[in-house]
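Here is a colleague's note for someone opening this entry for the first time. The points are numbered so that each can be checked on screen.

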Amino acid sequence: MKNSRIAIATTEAQIRRCFPVMRELRTHITDEDQFVERVLRQQKQGYQLAFLESDGEVCAVAGYRFLESLFSGKNLYLDDLITRESDRSRGFGGELMDWLINQAGEAGCETLELDSGVQRFDAHRFYFAKRMSISSYHFRLKIEPEA
């Protein structure tokens, strides 16, 4: 895109700028301060928050980390990927995804992986268009904290 740039949010101010866009995906996080706190805590564990801005506004956000497993070797795991609703179909998501694929290649990853909610049909079409495939099921067991 002509007037767009992608950067990693490293400061609290940059993380805050990403909140309105990320909230469209992670609707359970309603407090901006809580979001900043979570991102800062996750960054200590390797999480990175990338954002694409165009004309000074954050239009798309991606949270990711580099992992390694016996199953898939070194990979870029994409925790979060969202384009602001008002900016969808303008190419920002594709630009950010291509940037992530490039980051994975530069880091020597064998794969880029993500989980996507079963109800997110538009996202699934996007991932298929990016040549991704469904390779497994994701299972979850909710653990209740001990009293």
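1. Asp80 is buried, with a relative accessibility of 9%. In this predicted model, the side chain of Asp80 meets that of Arg26 in a salt bridge, at 2.8 Å from N to O. The two partners come from distant parts of the chain: Arg26 sits in the loop between H1 and H2, Asp80 in strand S4, and 54 residues separate them. Arg26, at 26% relative accessibility, counts as partly exposed.

2. Asp87 is another buried acidic residue, at 3% relative accessibility. The partner of Asp87 in a salt bridge is Arg84, with 2.6 Å between the closest N and O atoms.

3. How many salt bridges does the structure hold? The count is 14. One of them joins the side chains of Arg16 and Asp33, with an N to O distance of 2.8 Å. This pair also links distant parts of the chain, since Arg16 belongs to helix H1 (residues 12-25) and Asp33 to helix H2 (residues 32-43), 17 residues apart. Asp33 is partly exposed, with a relative accessible area of 47%, and Arg16 is partly exposed too, at 24%. Through shared partners, salt bridges join Glu12, Arg16, Glu32 and Asp33 into one network.

4. Helix H1 deserves a look of its own. H1 has 14 residues and spans 20 Å from its first C-alpha to its last, close to the 20 Å expected at 1.5 Å a residue. Even so, H1 bends by about 45° at Phe19, and a proline, Pro20, follows within four residues. Which residues of H1 are buried? They are Ile15, Cys18, Phe19, Val21, Met22 and Leu25. The cover over these buried residues includes H2, S2, S3 and S4.

5. Strand S2 is mostly covered, with 6 of its 7 residues buried. On one pairing, S2 runs antiparallel to strand S1 (residues 4-8) over 5 bridges; Arg5 has Glu53 of S2 as its bridge partner. S2 is also joined to S3, again antiparallel, by 7 bridges, and Leu49 is partnered by Gly63 in S3. S2 and S3 form a hairpin with 2 residues between them, and Asp55 in the turn has a positive phi of about 50°.

6. The largest nonpolar core has 21 residues, and the members that touch the most others are Leu78, Leu81, Leu96, Met97 and Leu100. Two or more residues come from each of strand S2 (48-54), strand S3 (57-69), strand S4 (73-83), helix H3 (92-106), strand S5 (111-114) and helix H4 (121-129). H3 gives the most, with 6 residues.

7. What does Met97 touch, leaving out residues up to four places away in sequence? Its contacts are Leu78, Leu81, Leu112, Leu114, Phe126, Tyr127, Lys130 and Met132. Apart from this core lies another, of 18 residues, including Cys18, Phe19, Val36 and Leu49.

Notes
Residues numbered from 1 in each chain as written. Predicted model: local features only at pLDDT ≥ 70, side-chain atom pairs only at ≥ 80, totals over all residues. Heavy atoms only, no water. Core = buried A, V, L, I, M, F, W, Y, C linked by side-chain atoms within 4.5 Å. Buried < 20%, exposed > 50% of the residue type's maximum accessible area, 1.4 Å probe, protein only. Contact = heavy atoms within 4.5 Å. Salt bridge = Lys/Arg side-chain N within 4 Å of Asp/Glu carboxyl O. Expected span 1.5 Å × (residues − 1). Bend = angle between axes of the 7 residues up to and from the residue. Pairing = 2+ DSSP bridges.
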